[in-house]
Amino acid sequence: MNFKKIIPTLTPGTVRRWKSFFNQKRAWVGLLGFLGVFFFSMSAEVWSNSKPLILKHDGHWFFPVMIHYSPADFGITDAFVVDYRELIKNDHDQGKEVKAVFPVNAWDPYEQTSDVMVAPSAQHWLGTDSLGRDVTARLIYGIRVSLSYGLMFWLFCFAIGVTVGLVQGYFAGNTDFYTERLKELIEILPFLSVVILVNGLMKSDSFWITLMVVVLFSWSGIASQLRAQVLSLRQREFCEAARAAGAKDGRIIFTHILPNAITPILTLTPFTVSGGIATLAILDYLGFGLSPPTPSLGELLQQGRAYIQNAPFLLISPTVALSWMLISINLIGESLREAFDPRK
């Protein structure tokens, strides 16, 4: 496959649009805000973990965050998992030389302590939740979960929307008519009611089922945008020339139409990602999202609402984190839309 024919080269107009994008201050604010959150959340194990980054035990060096070790590696026979804090304490009590470097926040998102709903302190920077789990750890890992599923949500919507939009716009006729009716049906159905109905009928709390239901109600916007682009391109001279030369429909679609139609669709990416993140948070908040004890922003928001009078700090941190992510991503989207506006 010749990718140079599928991926368009940077024309002077495209270069000008990207320069316009990077010349916008809000684009840099959004990029720096998003990339900062993305970096810290995707490397969460390095910043928040109950395992040491580096451990020297019995003269040997270990890297528990990067490498999984069994209890047998440390001579432990009465446990299934390694409690590194207990291991280090026992080595100190026995007078052994031990060195350990823990992450800056030495807590695991699933680790329960006796400190239940403790206010922010030097030990727990953002406090603890109703089960004694460190909120900082759950927030960092929850942001990673939100970003991962937001990007996955965009990928599914993009794949379905582009496929439907290409077929609908290129073949037109009855294909276009019946697809439009399907999209109208999808748009009038309340997806949250469908999510509740599907969860009730399936008697399952599988998040993948819920995600697929949400995706099925979210691809139509991308399909409609691409359909409009394809309808205007399919009658252009270069497509007519390709047909006259005997090119098949697949070659015309992927070689001539898609490269010219995809750029405006990419400007929808940030809004689709932010929509996926917000939807995940809403579903988790309502109890239709990820199964406990998976850390998520929606679960932290739900706890914050439940204990707002006794522990308002539980609501503040996930609200700020979610707002920061959505604002950063939407700033990128607004800047892309401004830079790639075809009227300019």
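Among contacts in the chain between residues at least 6 apart in sequence, what percentage join residues at least 24 apart? The share is 67%, where contact means that heavy atoms lie within 4.5 Å. The model is predicted, so that local features need a pLDDT of at least 70 and side-chain atom pairs count only at pLDDT 80 or more, while totals for chains, interfaces and linings use all residues. Residues are numbered from 1 along each chain as its sequence is written, and side-chain values use heavy atoms, with hydrogens and water left out.

**Overall form**

- The chain has 15 helices and 3 strands, which are DSSP runs numbered from the N terminus (H or I of at least four residues for helices, E of at least two for strands).
- The radius of gyration, taken over C-alpha atoms, is 26 Å, whereas a compact globule of 344 residues would have a value near 20 Å by the rule of 2.2 Å times the number of residues to the power 0.38.
- Along the principal axes, the C-alpha atoms fill a box of roughly 85 × 45 × 40 Å.
- Of the 344 residues, 42% count as buried, a term for under 20% relative accessible area with a 1.4 Å probe and protein chains only, while exposed means over 50% and partly exposed lies in between.

**Nonpolar cores**

- A nonpolar core is a set of buried Ala, Val, Leu, Ile, Met, Phe, Trp, Tyr and Cys residues joined through side-chain atoms within 4.5 Å.
- The largest such core has 54 residues, and those with the most contacts inside it are Ile143, Val162, Leu166, Ile257, Ile277, Leu322 and Met325.
- Helix α6 supplies the largest share of this core, namely 12 residues.
- Another core, of 9 residues, lies apart from it and includes Leu55, Phe62, Tyr84 and Leu87.
- In soluble globular proteins, nonpolar side chains tend to be buried together.

**Helix α9 and its neighbours**

- Helix α9 covers residues 207–216, and within it Phe207, Thr210, Leu211, Val213, Val214 and Val215 are buried.
- These buried residues pack against α6 (135–171), α8 (191–202) and α13 (269–286).

**Two residues in their surroundings**

- Ser50 sits in the loop between α4 (44–47) and β1 (54–57), and Ser50 counts as buried because its relative accessible area is 18%.
- Leaving aside residues up to four places away in sequence, Ser50 touches Tyr84, Arg85, Phe102, Ala106, Trp107, Asp108 and Glu111.
- With residues up to four places away in sequence again not counted, Val162 touches Ile222, Leu226, Leu258 and Ile262.
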